[in-house]
Amino acid sequence: MSKEPDRLFAQPLPQVPDFAFNEDVVRVFPDMIKRSVPGYPTIVENLGVLAAQFAQPHSVLYDLGSSLGAVTQALRRHVRTEGCRVIAVDNSAAMVERCREYLNGQDSMFQELLPVEVIEGDILALQFKPASVVALNFTLQFIAPQERLALLGRIRQALLPGGALILSEKLRFNDVEEHALLTDLHIAFKRANGYSELEIAQKRSAIENVMKPDSLEEHRERLLAAGFSKVVPWFQCLNFASLIALP
Ligand SMILES: Nc1ncnc2c1ncn2[C@@H]1O[C@H](C[S@+](CC[C@H]([NH3+])C(=O)[O-])CC(=O)[O-])[C@@H](O)[C@H]1O
Ligand SMILES: O=C(O)C(=O)Cc1ccccc1
């Protein structure tokens, strides 16, 4: 994994462009996501542990919006179910290229890893195969809000009995005080991880048009509307949470 530190927003930019998952972001992504998302390492590792409980023999496990394949690698560490394979999908060419490099490196070092196929494509255009586990780890928040329900409906239709969707997201809060407190605490988390006020402000302006978080209530209602029967939050750290949705 690249160890390059994230300094993308360290210098004043005359105009802050909309955030994109391009080559510059790919180079610093492991550092960026760890220093920006409270609980990220815990969520990724335990996503593998959870997935192992839902994986059904001879089925597909999806990693949607796979970036550099952190979730795929956690699935490979924890899932031991017979005949499972992983399909990782991302629409950023730069992410997919680097993700394939990492996974090929693993394949050449270890035997008996779950087979992985990395697809460069839009998850909105995907024809889902019957799946026991679908991971959307901080990806749904980048999908246009009007597309989210239909996508979750297609995922619900693809899920096998006994399977699960694991959905991790940044949250917003309907209660104004709660929203302000957790937003301030998230900023304190970033500061504690070495980001300057300028970096925090410029990153915020870069993501505000492209990343639209929902509240926990909105997630729950939309998942039920998409046909899921049960929604169980299993992790929250500040304004970041992860949910299990059962078919
Ligand atoms: N329509 C789309 N189709 C496919 N991919 C998409 C789409 N929209 C966005 N992406 C991809 O979704 C990923 C979101 S990052 C996921 C982290 C990873 N899951 C991790 O656990 O490390 C989250 C973050 O950076 O906060 C990016 O790689 C996008 O290219
Ligand atoms: O940085 C933030 O404020 C976030 O909400 C998380 C994030 C992490 C990586 C890319 C984009 C957003």
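The shell around ligand 1 draws at least two residues from each of α3 and β2; helices (H or I, at least four residues) and strands (E, at least two) are DSSP runs, numbered from the N terminus. A residue is near a molecule if its C-beta atom, placed from the backbone, lies within 6 Å of it. Of the 21 residues around ligand 1, those that come nearest are F21, G65, N91, S92 and N137. The shell divides into 12 nonpolar, 7 polar and 2 charged residues. Here Ala, Val, Leu, Ile, Met, Phe, Trp, Tyr, Cys and Pro count as nonpolar, Asp, Glu, Lys and Arg as charged, and the others, Gly among them, as polar.

This is a predicted model, in which local features need pLDDT of at least 70 and side-chain atom pairs count only at pLDDT 80 or more, while totals for chains, interfaces and linings use all residues. Residues are numbered from 1 along each chain as its sequence is written, and chains are lettered from A and ligands numbered from 1 in the order in which they are written.

Ligand 2 is surrounded by M32, I33, S36, V37, K170, K203, I207 and M211. Both α1 and α7 (197-207) supply at least two residues of this shell, and α1 gives the most, with 3 residues. By type, the shell around ligand 2 holds 5 nonpolar, 1 polar and 2 charged residues.

UniProt, in an unreviewed entry, lists Y40, G65, S66, S67, D90, N91, D122, I123, N137 and R204 under "binding site". They span 165 residues in sequence and their farthest two C-alpha atoms are 25.1 Å apart, so they do not all gather at one spot. UniProt positions are given in the numbering used here, feature names are shortened, and annotations may be inferred rather than shown by experiment. The unreviewed entry also places "domain: Methyltransferase" at residues 63-163. Over that range the chain is 37% helix and 25% strand, with its end C-alpha atoms 14 Å apart.

Two of the listed residues can be followed further. S67 lies in the loop between β1 (60-64) and α3, and D90 is in strand β2. S67 counts as buried because 24 C-beta neighbours lie inside 10 Å; a residue is buried with 20 or more other C-beta atoms within 10 Å of its own, exposed with 12 or fewer, and partly exposed in between, the C-beta atoms being placed from the backbone. D90 is also buried, with 24 such neighbours. Leaving aside neighbours within four places in sequence, S67 is in contact (C-beta atoms, placed from the backbone, within 7 Å) with F29, D90, M95 and C99. On the same terms, D90 touches G65, S66, S67, M95, V96, C99 and E120.

V49, in helix α2 (residues 40-54), is exposed because it has 12 other C-beta atoms within 10 Å. Its C-alpha atom is separated by 36 Å from that of E197, 148 residues away along the chain.

Buried residues make up 36% of its 247 residues. Its C-alpha trace spans about 50 × 45 × 30 Å along the principal axes.

Methods: Contact = placed C-beta atoms within 7 Å.
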